[in-house]
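Dear colleague,

I am handing over the structure that you will be working with, and below it you will find my notes on what turned up in it. Please keep the structure open while you read, so that you can look up each residue as it is named.

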Amino acid sequence: MEMTTSGSNGDSKGDYVNRDGLNGRNSGDTTEITVPLSLPKRMTPVEGNNLYRLRDRKFVLEDKKRLCTWALGVALLGILLMICRAEMCPSVYHPGSSYSFIISCSISMSTACLLILIIAFHYKDIRLFIIDHHHVDWRIAMTGHKMLLISLELLVCTVHPVGTYWEVALSTPEWRTQRPDANTSLSPTASVLCVSPRHGERVADAELLLSLLMFLRLYLVHRAILLHSKVLLSASYRSIGSLNNINFTFRFVLKVLMDKYPARTLLAFILLIWLVASWMLTLCERQKQQVKTGNMDTALWLIAITFLTVGYGDVSPETSCGKGVCLLTGVMGVACTAMLVAVVTKKLALNKGEKHVHFFMLDIQISKRIRHAAANVLRECWLRHRTDLSRRSSAEQRRHQRCLLEAIRVFRHLRLKQRKLRDYASEMVDLPKMQMIMCDLSANWNNSYRELEQRILSMEQKLDDLNRCFQQTSELLSRALCHRNPDIR
């Protein structure tokens, strides 16, 4: 609401001051001054700080998600370069060539970029902790467990083939320019990871171990799934979860995915294990010549039968590294088989409605059989009694006695089966439904209690009115009697 006042030129000479503190001059015959009567509602400092904190938290979460995506991409790029380096040598170039040097430099650069992204990610994580705890000191977030996890993560991301042949490559130019041909022969160790022949077997084993450990970078997949899941991004999920003290970790997200998309999740996990383990087995078995498992197709077959715990025995690993890979594959195969059995069991299980219908029909069938068994008991009793009255042979009496006992046994067995069925059906009571029913009954009882209180109050008011009317009536009667007979008081 605003109030406007007007005045003439003669009445308002000079300057006037408006609401914002600005001075003005009278330039016309009339001057209008507008004064708002209702001031706009201002936000309190606490509400403003909370809004700014929520905005900063949203920006930090988006930065974390972006950094995690880039880190996963750089990690996959480094693994892909390592695979190309192992597969292209010596078929495309020899150890110590310029191509090997370029690929090794690319792997090292991707590792450096990955370390920078990991450090930036944890910096954003500390920023998020500071925002959630009202701008506390950042050193509070750096607990011993946190520092240990960050150090372990940086160590895992640092591991990569260091390229110990660089010095030899720079000192022997003929290796940089030589192309692979039929007359050039390399040792099996040199053909595994493009290691220079001047280095020993220990260096080649170290290169093999570092190459296999690069697959530990795939731990970033679970972080990317967590940060990009709809469970973490949904405000309703977070609100309900905070009320029920649920931590939104990767375990919870994995349970949600296994509940919503069990087939897709298991298929993706099994395919990833199959391909990665097959290539690792191929890389390990290439150390020895004339080994069947050094080929990718044979390694795929061996990993498949090991994963399924079949083990035909036609192919087996020869190296210690290959045996370790097969052992881990067997353990993962048992775990995936257990999850697959659980998923199939859940899909084949009856839901609540189907169980109710099934148990209802079973109860009806058992009730019919109980009636038939009771009729058989009565019939056998009558036959046994008639045999006793007719005084027939003892063999016929014994036969009817056996039939009576058998009928009684069947009747008791059916009654016990019906009791167990009803006990099991009573255990399937829907607790949320019962809770809703109890809440409705409680609400109805409260309403009835309020209505009863209102009725009691109305009855008390009516009784007070009747008492007042009786008093007035008695007073009127006494006055009338006094008026007729003044001697009566």
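C336 has a relative accessibility of 2% and therefore counts as buried, where buried stands for a relative accessible area under 20%, exposed for one over 50%, and partly exposed for what lies in between, with a 1.4 Å probe and protein chains only. C113, at 40% relative accessibility, counts as partly exposed.

Before going further, please note that this is a predicted model, in which local features need pLDDT of at least 70 and side-chain atom pairs count only at pLDDT 80 or more, while totals for chains, interfaces and linings use all residues. Residues are numbered from 1 along each chain as its sequence is written, and side-chain values use heavy atoms, with hydrogens and water left out.

How many disulfides does a search of the whole structure find? The search finds one, a disulfide being a pair of cysteine sulfur atoms within 2.5 Å. It joins C284 to C321, with 2.0 Å from S to S. Because C284 lies in helix α13 (residues 262-285) and C321 in helix α15 (residues 320-348), the pair ties together parts that are 37 residues apart in sequence. Helices here are DSSP runs of H or I with at least four residues, strands are runs of E with at least two, and both are numbered from the N terminus. The two partners can also be described by their accessibility, since C284 is buried at 0%, whereas C321 is partly exposed with a relative accessible area of 24%.

Salt bridges come next, and a search of the whole structure finds 13 of them, each defined as a side-chain nitrogen of Lys or Arg within 4 Å of a carboxyl oxygen of Asp or Glu. In general, side chains of opposite charge can pair when their charged atoms come close. One of these salt bridges is formed by R55 and D56, at 3.7 Å from N to O, and here R55 is partly exposed at 41% relative accessibility, as is D56 at 25%. Another links the side chains of R66 and D63 at 2.9 Å, N to O. R66 and D63 are three residues apart in helix α1 (residues 45-88), so about one helical turn separates them. R66 is partly exposed, with a relative accessible area of 45%, and D63 is also partly exposed, at 22%.

A further salt bridge brings together E380 and R379, at 3.4 Å from N to O; in this pair E380 is buried at 7% relative accessibility, while R379 is partly exposed at 44%. Salt bridges that share partners also join D63, R66 and K124 into one network.

Leaving aside residues up to four places away in sequence, H400 touches E380, L383, R384 and T387, where contact means heavy atoms within 4.5 Å.

Finally, which residues of helix α12 (residues 250-260) are buried? They are V253, V256 and M258, and the buried residues of α12 pack against α9 (220-228), α10 (230-233), α13 and α15.
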